[in-house]
Amino acid sequence: KVMDTCRRLGILRVVYASTCHVYGVPRYLPVTEEHPTSPLSVYAASKLAGEAVVQGYANSYGILCDIARLSNLYGASFGKETVIGQALNQVISGEPISLHSLSPIRDFIHADDVVEALVRLAAAGEGNSGCRSVNVSTGQGISIQEMAQTLVGVASAGGLGAAEVLQTGDGRGDAVAELVLDNSRLQVL
(Lines give C-alpha, C1' and ligand atoms only; values in the text may rest on other atoms or scores of the structure.)
Protein backbone atom coordinates (compact mmCIF):
# COMPACT_ATOMS: atom_id res chain seq x y z
CA LYS A 1 0.00 0.00 0.00
CA VAL A 2 2.85 2.39 0.77
CA MET A 3 4.49 1.82 -2.60
CA ASP A 4 1.19 2.15 -4.46
CA THR A 5 0.46 5.38 -2.62
CA CYS A 6 3.92 6.67 -3.57
CA ARG A 7 3.20 5.78 -7.20
CA ARG A 8 -0.20 7.52 -7.16
CA LEU A 9 1.17 10.65 -5.48
CA GLY A 10 4.20 10.85 -7.77
CA ILE A 11 6.75 10.22 -5.02
CA LEU A 12 9.79 9.00 -6.87
CA ARG A 13 12.20 8.27 -4.01
CA VAL A 14 11.87 5.54 -1.34
CA VAL A 15 14.24 4.18 1.32
CA TYR A 16 13.11 0.79 2.64
CA ALA A 17 14.41 -0.46 6.00
CA SER A 18 15.18 -4.17 5.76
CA THR A 19 17.41 -6.45 7.85
CA CYS A 20 20.74 -8.26 7.62
CA HIS A 21 18.86 -11.42 8.50
CA VAL A 22 17.69 -11.76 4.89
CA TYR A 23 21.15 -13.23 4.19
CA GLY A 24 20.66 -16.26 6.44
CA VAL A 25 23.84 -18.21 7.20
CA PRO A 26 26.74 -16.30 5.64
CA ARG A 27 28.80 -18.06 2.98
CA TYR A 28 31.57 -15.50 3.49
CA LEU A 29 32.41 -12.58 5.79
CA PRO A 30 31.98 -9.74 5.79
CA VAL A 31 28.69 -10.14 3.94
CA THR A 32 28.34 -7.89 0.89
CA GLU A 33 25.10 -6.78 -0.73
CA GLU A 34 25.69 -9.35 -3.50
CA HIS A 35 25.52 -12.25 -1.01
CA PRO A 36 22.65 -14.65 -1.76
CA THR A 37 19.58 -14.27 0.44
CA SER A 38 18.18 -17.18 2.43
CA PRO A 39 16.06 -15.97 5.37
CA LEU A 40 15.84 -18.30 8.39
CA SER A 41 12.82 -16.71 10.10
CA VAL A 42 9.38 -15.41 9.23
CA TYR A 43 10.56 -11.91 10.15
CA ALA A 44 13.51 -12.09 7.72
CA ALA A 45 11.30 -13.61 5.01
CA SER A 46 8.75 -10.80 5.41
CA LYS A 47 11.52 -8.21 5.02
CA LEU A 48 12.80 -9.97 1.89
CA ALA A 49 9.24 -9.99 0.50
CA GLY A 50 9.07 -6.24 1.17
CA GLU A 51 12.34 -5.82 -0.74
CA ALA A 52 10.79 -7.63 -3.72
CA VAL A 53 7.75 -5.33 -3.67
CA VAL A 54 9.98 -2.24 -3.58
CA GLN A 55 12.09 -3.60 -6.45
CA GLY A 56 8.95 -4.38 -8.45
CA TYR A 57 7.68 -0.82 -8.09
CA ALA A 58 11.12 0.54 -8.96
CA ASN A 59 11.21 -1.52 -12.15
CA SER A 60 7.58 -0.96 -13.12
CA TYR A 61 7.13 2.72 -12.29
CA GLY A 62 10.61 4.24 -12.26
CA ILE A 63 10.63 4.86 -8.51
CA LEU A 64 14.18 5.26 -7.21
CA CYS A 65 14.83 3.19 -4.12
CA ASP A 66 17.44 2.10 -1.65
CA ILE A 67 17.01 -1.03 0.41
CA ALA A 68 18.82 -0.49 3.72
CA ARG A 69 19.82 -3.85 5.21
CA LEU A 70 20.31 -2.97 8.86
CA SER A 71 22.65 -4.92 11.13
CA ASN A 72 21.80 -5.53 14.82
CA LEU A 73 20.40 -2.31 16.28
CA TYR A 74 20.67 -1.12 19.83
CA GLY A 75 19.66 2.02 21.68
CA ALA A 76 18.11 3.33 24.87
CA SER A 77 14.52 2.53 23.93
CA PHE A 78 14.96 -1.06 22.74
CA GLY A 79 13.09 -3.65 24.77
CA LYS A 80 13.61 -7.29 25.49
CA GLU A 81 13.22 -8.33 21.84
CA THR A 82 16.93 -7.67 21.18
CA VAL A 83 19.89 -9.31 22.89
CA ILE A 84 21.27 -5.95 24.04
CA GLY A 85 17.80 -4.95 25.26
CA GLN A 86 17.56 -8.15 27.29
CA ALA A 87 20.99 -7.60 28.81
CA LEU A 88 20.30 -3.92 29.58
CA ASN A 89 16.99 -4.73 31.27
CA GLN A 90 18.69 -7.39 33.39
CA VAL A 91 21.54 -5.07 34.43
CA ILE A 92 19.15 -2.22 35.31
CA SER A 93 17.04 -4.65 37.36
CA GLY A 94 20.12 -5.76 39.29
CA GLU A 95 19.92 -9.26 37.84
CA PRO A 96 22.72 -11.30 36.29
CA ILE A 97 22.95 -11.05 32.52
CA SER A 98 21.44 -14.38 31.46
CA LEU A 99 21.53 -15.03 27.72
CA HIS A 100 20.96 -18.18 25.69
CA SER A 101 24.31 -18.11 23.93
CA LEU A 102 27.38 -15.93 24.40
CA SER A 103 29.42 -17.09 21.41
CA PRO A 104 27.60 -15.58 18.38
CA ILE A 105 29.31 -12.61 16.79
CA ARG A 106 27.16 -9.73 15.62
CA ASP A 107 27.62 -6.36 13.96
CA PHE A 108 25.95 -3.98 16.44
CA ILE A 109 24.99 -0.45 15.38
CA HIS A 110 23.37 2.30 17.43
CA ALA A 111 19.93 3.52 16.37
CA ASP A 112 21.22 7.12 16.02
CA ASP A 113 23.82 5.93 13.49
CA VAL A 114 21.09 4.10 11.56
CA VAL A 115 19.00 7.30 11.40
CA GLU A 116 22.02 9.18 10.04
CA ALA A 117 22.59 6.46 7.43
CA LEU A 118 18.95 6.51 6.32
CA VAL A 119 19.05 10.30 5.95
CA ARG A 120 22.27 10.00 3.93
CA LEU A 121 20.66 7.38 1.69
CA ALA A 122 17.63 9.58 1.10
CA ALA A 123 19.85 12.56 0.30
CA ALA A 124 22.10 10.53 -2.02
CA GLY A 125 19.18 9.57 -4.23
CA GLU A 126 19.67 12.10 -6.98
CA GLY A 127 21.30 10.49 -9.98
CA ASN A 128 20.59 7.04 -8.59
CA SER A 129 18.46 4.92 -10.89
CA GLY A 130 16.52 1.79 -10.14
CA CYS A 131 16.92 0.01 -6.85
CA ARG A 132 20.06 -0.74 -4.86
CA SER A 133 20.73 -2.57 -1.61
CA VAL A 134 23.01 -0.99 0.98
CA ASN A 135 24.29 -2.62 4.18
CA VAL A 136 23.94 -0.29 7.17
CA SER A 137 26.41 -1.48 9.79
CA THR A 138 29.67 -0.77 11.58
CA GLY A 139 31.44 -3.51 9.66
CA GLN A 140 32.88 -4.85 12.92
CA GLY A 141 31.88 -7.96 14.80
CA ILE A 142 31.66 -8.37 18.55
CA SER A 143 30.65 -11.49 20.45
CA ILE A 144 27.60 -11.53 22.69
CA GLN A 145 30.05 -12.34 25.52
CA GLU A 146 32.10 -9.19 24.80
CA MET A 147 28.95 -7.07 24.58
CA ALA A 148 27.71 -8.40 27.93
CA GLN A 149 31.08 -7.82 29.60
CA THR A 150 31.08 -4.24 28.29
CA LEU A 151 27.64 -3.69 29.86
CA VAL A 152 28.92 -5.14 33.15
CA GLY A 153 31.82 -2.66 33.08
CA VAL A 154 29.56 0.30 32.31
CA ALA A 155 27.08 -0.75 35.01
CA SER A 156 29.85 -1.18 37.56
CA ALA A 157 31.39 2.21 36.70
CA GLY A 158 27.92 3.77 37.02
CA GLY A 159 27.45 2.38 40.52
CA LEU A 160 24.97 -0.35 39.63
CA GLY A 161 27.21 -3.11 40.91
CA ALA A 162 28.98 -5.79 38.95
CA ALA A 163 26.54 -8.21 37.35
CA GLU A 164 27.68 -11.65 36.34
CA VAL A 165 27.24 -12.99 32.81
CA LEU A 166 25.55 -16.38 32.44
CA GLN A 167 24.87 -18.56 29.41
CA THR A 168 21.53 -20.34 29.81
CA GLY A 169 21.74 -22.57 26.74
CA ASP A 170 24.32 -25.00 25.44
CA GLY A 171 25.65 -22.45 22.95
CA ARG A 172 24.79 -24.58 19.94
CA GLY A 173 21.29 -23.24 19.30
CA ASP A 174 22.13 -20.25 17.11
CA ALA A 175 22.02 -21.13 13.41
CA VAL A 176 24.13 -18.09 12.52
CA ALA A 177 27.42 -18.15 14.41
CA GLU A 178 28.76 -14.92 12.91
CA LEU A 179 27.07 -12.12 10.98
CA VAL A 180 29.16 -9.08 10.06
CA LEU A 181 28.27 -6.85 7.12
CA ASP A 182 30.51 -5.11 4.62
CA ASN A 183 29.51 -1.44 4.73
CA SER A 184 31.76 -0.19 1.90
CA ARG A 185 28.84 0.90 -0.27
CA LEU A 186 27.42 3.03 2.54
CA GLN A 187 30.79 4.66 3.25
CA VAL A 188 31.02 6.18 -0.23
CA LEU A 189 27.67 7.97 0.02
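Q: Two strands pair if DSSP finds at least two bridges between them; with that in mind, in what order do the 3 strands of the open sheet stand?
A: In this structure, which is a predicted model, the order is β8-β5-β10, and the pairing of the open sheet is mixed.

Q: How do you know that β5 and β8 pair?
A: Strand β5, residues 105-106, is joined to β8 by 2 bridges, and the two strands run antiparallel. The cut-off is at least two bridges, so β5 and β8 count as a pair. To find one of the partners in the structure, look at arginine 106, whose bridge partner in β8 is isoleucine 142.

Q: What makes β2 a mostly covered strand?
A: Of the 7 residues in β2, 6 are buried. Arginine 69 lies in this strand, which covers residues 64-70.

Q: Why is arginine 69 called buried?
A: Buried means under 20% relative accessible area, and because arginine 69 has a relative accessibility of 5%, it counts as buried.

Q: How do you know that the side chains of arginine 69 and tyrosine 23 make a polar contact?
A: The side chains of arginine 69 and tyrosine 23 are joined at 3.1 Å, and the cut-off for such a pair of N or O atoms is within 3.5 Å. The value lies inside the limit, so the pair counts as a polar contact.

Q: What is the volume of the largest pocket, and which residues are the closest to its centre?
A: The volume is about 780 Å³. The lining has 31 residues, and the closest to the centre are His21, Asn72, Glu81, Arg106 and Asp174. Two or more lining residues come from each of β1 (13-19), α2 (42-61), β3 (72-74) and α3 (83-92). Sorted by class, the lining has 15 nonpolar, 12 polar and 4 charged residues.

Q: Why is asparagine 72 called buried?
A: Asparagine 72, which has its place in strand β3, has a relative accessible area of 16%. That value is under the 20% cut-off, so asparagine 72 is buried. Leaving aside residues up to four places away in sequence, asparagine 72 touches Cys20, His21, Arg106, Asp107, Phe108 and Ile109.

Q: Why is glutamate 81 called exposed?
A: Exposed means over 50% relative accessible area, and glutamate 81 has 65%, so it counts as exposed. Glutamate 81 is found in the loop between β3 and α3.

Q: Which residues of α3 are buried, and what covers them?
A: Ile84, Gly85, Ala87, Gln90 and Val91 are buried in α3, and the cover includes β3, β4 (97-99), β6 (108-110) and α5 (144-157).

Q: Why is threonine 168 called exposed?
A: The relative accessible area of threonine 168 is 57%, and as this is over the 50% cut-off, the residue is exposed. Threonine 168 lies in the loop between β9 (165-167) and β10. Even so, threonine 168 touches Ser98, Leu99 and His100, not counting residues up to four places away in sequence, and its side chain reaches the backbone nitrogen of histidine 100 at 3.5 Å.

Q: What kind of peptide bond joins leucine 29 and proline 30?
A: The bond is cis, with omega at about -10°, and proline 30 is found in the loop between β1 and α2. For comparison, most peptide bonds are trans.

Technical notes. Residues are numbered from 1 along each chain as its sequence is written. This is a predicted model: local features need pLDDT of at least 70, side-chain atom pairs count only at pLDDT 80 or more; totals for chains, interfaces and linings use all residues. Side-chain values use heavy atoms; hydrogens and water are left out. On a 1 Å grid over the protein atoms alone, a cavity is a set of points where a 1.4 Å probe fits but cannot get out, and a pocket is an open set with protein on both sides within 12 Å along at least five of seven lines; lining residues have an atom within 4 Å of a point. Grid points are joined across faces, edges and corners, and a volume is the space filled by probe spheres set on the points. Helices (H or I, at least four residues) and strands (E, at least two) are DSSP runs, numbered from the N terminus. Ala, Val, Leu, Ile, Met, Phe, Trp, Tyr, Cys and Pro count as nonpolar, Asp, Glu, Lys and Arg as charged, and the others, Gly among them, as polar. Buried means under 20% relative accessible area, exposed over 50%, partly exposed in between (1.4 Å probe, protein chains only). Contact means heavy atoms within 4.5 Å. A polar contact is a pair of N or O atoms within 3.5 Å; within protein, one must be able to donate a hydrogen and the other to accept it, and residues adjacent in sequence count only if both atoms are side-chain atoms.
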